[in-house]
Amino acid sequence: MSFNLTAVVLAGAFVILMQAGFALVATGLCRAKNAAQVISMNLLIFVLSVLGFWGCGSAFLSGGWFGALGVPDSQWAIHLFGHPFGLMGTHGFFLSPSGADQAVYALFFLQAVMISLAAVIPAGVMAERWKLANLVLYGMLAAALPLAVFGHWVWGGGWLAQLGQNLGLGHGFVDFAGSSVVHAAGGMIGLMGAIALGPRLGKYARDGRPRPIAGHNLVYVVVGSLLLAAGWFGFNIGPSLFAAESRAPLIAVNTMLASVAGAAVAGAWVTVKFRRPDPSMVCNGLLAGLVAISASCPFVNPVGAVITGAVAGFLVVYAVLFFEGTMKVDDPMGALSVHGVGGVWGVFSLGLLADGSFGANWNGVQDKAGVSGAFATVFGGPANDWGQLLAQIIGALSCLVFFGLAAWLWFKVSNRIVPLRTRREDELGGLDLPEVGAECYPDFHLTDKGSSRPE
């Protein structure tokens, strides 16, 4: 089998641009006194997660799939009911067995930059109080261990992908470009980290009411969101260059439609609720639409893409208010709502809206039509498949439980090695100099309207 490896590398390069976009959004939504520390966190996680993925993450994730690229398969599995349920790959540590196989290198490059995005999401959720030294420990292990293992379950022929063959549930759990593997996973890690850290100083009044802590640069937020949107075409199209290159134009169209539908609905809904079109919420709607369509981009038609994005835009507004007001979880970026909620909706939407026009042999299931959702016939599909929706529900719950437990354990253990939270006096004065020894705005006198207020 031949692949357009140059196009794969270019798609991966576009995904790296998403790191720049995420860094801009995170920095813009945080206060000026912490700008250097926040953007340094994003940079360090990219660097460390790629190295960790090279060391063992790639082997854990893709060990069972290298056979498709000319390298022997290797997968650790348990056997239940006479069927194998794959848990992780065991082949390809440090890329050592790949030799000169250029397809393996291309696969590694694309997966490394995609998984690094999952690793960086918690940096936005936990911003302005996460100690940099603790983040370094996290960055070295997150992409190498839990993200790679769950990635194998979905993308490496693991037990979730095998639900179709082993239990007859549709085509098994399907997540084309990472609504769960990247986004819901990163969101769940961030949720557990934010709970472990607690809110920023001054975020909540004595009676529990949340106080707004405004970010310092809305221009960064908008430009960063658009940069993310541009890079997302590489993110969603990249996997198709191995699996379905002919679907690339449809993937591009669906990605664009879902993003603008999410932005439009979020902007309209926040205007109805608060009588003002909050630009940051419009950006959140744009990104939530992109997160949601990542799972289903080659499996739905454009109408399904618009529905996927519109629902994501609607959900993100409520989710931001729920996490901040009801759960008392301080998330400066709204990343839990964009990536966590948007990611879960994305995998559900595939189980509802996939039209059966593509994926007839997906995950080794060959006795069915293409991947079809519970309402496939509404979108012109040959038959509805409620089993696919059940597989998606199992996959989403597995993602949340696995990463919830793994992150809870990790933050408990790592806090005993290096404190999770920065010192109170550093948080009040600004984290730039104490944490990274540099300031973004050394020529300006900075004011803080958040933590400087009495709690």
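Start by selecting helix α5. Its buried residues are Pro-146, Leu-147, Ala-148, Val-149, Phe-150, Gly-151, His-152, Trp-153, Val-154 and Trp-155. Keep in mind that this is a predicted model.

Step just past the end of α5 to Gly-157, which takes a positive phi of about 75°.

Next, select Phe-403. You will find this residue in helix α14, which spans residues 386–417. Is Phe-403 buried or exposed? Its relative accessibility is 1%, so Phe-403 counts as buried, the cut-off for buried being under 20%.

Which residues does Phe-403 touch, leaving aside those up to four places away in sequence? Pick Pro-146, Leu-147 and Phe-150, then Ala-185, Met-188 and Ile-189. Pro-146, Leu-147 and Phe-150 take you back to α5, where they are among the buried residues.

Finish with the cysteines. How many disulfides does the structure hold? The count is 0. Select Cys-297: it is in no disulfide, and the nearest cysteine sulfur, that of Cys-399, lies 17 Å away. Cys-297 has 0% relative accessibility, so it counts as buried. Now move to Cys-399. This residue is also in no disulfide, and its nearest cysteine sulfur belongs to Cys-297. Cys-399 is buried too, with a relative accessible area of 1%.

Key: Residues numbered from 1 in each chain as written. Predicted model: local features only at pLDDT ≥ 70, side-chain atom pairs only at ≥ 80, totals over all residues. Heavy atoms only, no water. Helix = DSSP H or I, 4+ residues; strand = E, 2+ residues; numbered from the N terminus. Buried < 20%, exposed > 50% of the residue type's maximum accessible area, 1.4 Å probe, protein only. Contact = heavy atoms within 4.5 Å. Disulfide = S-S within 2.5 Å.
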